[in-house]
Amino acid sequence: RVFGEQLLQIGAWGTRNTFLRYARTQRRALVDWHSGVAADLICDPEHLAVASDSVDAVLLPHTLEPTPSPHAVLREVDRILRPDGQLIVLSFAAGGLWGLRHLISSGGYPHGRDHAIREGRLRDWLELLSFDVPAATRYCHTPPIERFKQLRVLPREEKAQRWLPIFGGGYMLHAQKRVLPLTPVRLWRGQPRLRVVGGLVDPTPRSPVRVIPHPAAERPPRS
């Protein structure tokens, strides 16, 4: 349901076409900061080499968790997005099963995730950047245990999203950038303004100034 000219995915997750193959935009590109990734552009996500107001949609598949400053990445996304542009963020839920596994594991889970971002915190960041953020969608209702991948403890994904959203391992926020148009206000030019020079109003011919001579000036000169 995301259309436009350009979709930009920041951060690789899986293969190159894991998400890009489903894009409905005319063009799509992948940006990453690792040199070994088959990306279209290698650059720092906090300083994107992308022109401002040039992208219709941005996808962040678990990109904010490994970055040292996720708020700086969101500011760059706000810069490159066009007005009414759309942002899709995938993140692990801090209070779900995967978030608990992340706290227990010494190296984090999945490997390389530095921290988990709470949904309320991410929502506050986006609202401060003038994004409209509807309700999040929970997904990945599977236990984070690699030895028992085939073990079905929770119901199917469709039913779990409806009845057990608290156990979701991740959440998706689909936000939209809002830019309020500025209406220029013209000054009323009915009566010209008086010019002020040195704190005094210039006299006009309609209001002549009467000059009263000093009494000393009227005395006749001494012979």
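Begin by selecting Pro70, Ala72, Val73, Leu74, Glu76, Val77, Asp78 and Ile80, the buried residues of helix H2. The model on the screen is predicted. Helix H2 is mostly covered, with 8 of its 11 residues buried. To see what covers the helix, display its surroundings: the buried residues of H2 pack against S1, S4, S5, helix H4 (119–128), strand S6 (131–132) and S8.

**The whole chain**

Next, zoom out and colour the chain by secondary structure. The chain contains 6 helices and 10 strands. Of its 223 residues, 35% are buried. Consider now the contacts in the chain with a separation of 6 or more: residues 24 or more positions apart account for 65% of them. If a surface is displayed, the accessible surface comes to about 15700 Å², and carbon and sulfur atoms hold 55% of it.

Return to H2 and select Thr63, which belongs to the loop between strand S4 (55–61) and helix H2 (70–80). Is Thr63 buried or exposed? With a relative accessible area of 1%, Thr63 falls under the 20% limit and is therefore buried. Show the side chain of Thr63 and find the backbone oxygen of Ile10, which the side chain reaches at 2.5 Å. Beyond its neighbours within four places in sequence, Thr63 is in contact with Ile10, Gly11 and Trp33.

Select His62, also in the loop between S4 and H2. At 5% relative accessibility, His62 counts as buried. Its backbone deserves a look as well: phi of His62 is near 60 degrees, a positive value in a residue other than glycine. Most residues other than glycine have a negative phi.

**Strand S1**

Now select Gln6, located in strand S1 (residues 6–10). Gln6 is counted as buried, because its relative accessibility is 15% and the limit is 20%. Which residues does Gln6 touch, not counting residues up to four places away in sequence? They are Thr25, Arg27, Arg28, Ala29, Ser54, Val55, Asp56 and Ala57.

Move to Ala51, in the loop between strand S3 (41–42) and S4. Ala51 has a relative accessibility of 49% and counts as partly exposed. From C-alpha to C-alpha, Ala51 and Ile80 are 6.1 Å apart in space, while 29 residues separate them in sequence. Ile80 is one of the buried residues of H2 from the opening selection.

Select Asp84 in strand S5. What is the phi of Asp84 near? Phi is near 70 degrees in Asp84, a positive value in a residue other than glycine. At 41% relative accessibility, Asp84 counts as partly exposed.

From Asp84, pass to Lys177, which Asp84 touches. Lys177 is found in strand S8 and, at 7% relative accessibility, counts as buried. Show its side chain: a polar atom there lies 2.8 Å from the backbone oxygen of Leu81. Leaving out residues up to four places away in sequence, Lys177 touches Asp53, Asp78, Leu81, Arg82, Pro83, Asp84, Gly85, Ser130 and Phe131. Asp78 in this group is also among the buried residues of H2.

**The largest pocket**

For the last stop, select Val2, Tyr22, Leu59, Ile88 and Met172. Of the 13 residues that line the largest pocket, these five lie nearest its centre. The pocket has a volume of about 480 Å³. Strand S5 (81–92) and strand S8 (170–177) each supply at least two residues of the lining. How many residues of the lining are nonpolar, polar and charged? The lining divides into 10 nonpolar, 1 polar and 2 charged residues.

Technical notes:
Residues numbered from 1 in each chain as written. Predicted model: local features only at pLDDT ≥ 70, side-chain atom pairs only at ≥ 80, totals over all residues. Heavy atoms only, no water. Helix = DSSP H or I, 4+ residues; strand = E, 2+ residues; numbered from the N terminus. Buried < 20%, exposed > 50% of the residue type's maximum accessible area, 1.4 Å probe, protein only. Contact = heavy atoms within 4.5 Å. Areas by Shrake-Rupley, 256 points an atom, 1.4 Å probe, with all protein chains shown as cover. Polar contact = N/O pair within 3.5 Å; in protein donor to acceptor, adjacent residues only side chain to side chain. 1 Å grid on protein atoms, 1.4 Å probe; cavity = no way out; pocket = protein on both sides within 12 Å on 5 of 7 lines; lining within 4 Å. Points joined across faces, edges and corners; volume = space filled by probe spheres on them. Nonpolar A, V, L, I, M, F, W, Y, C, P; charged D, E, K, R; others polar.
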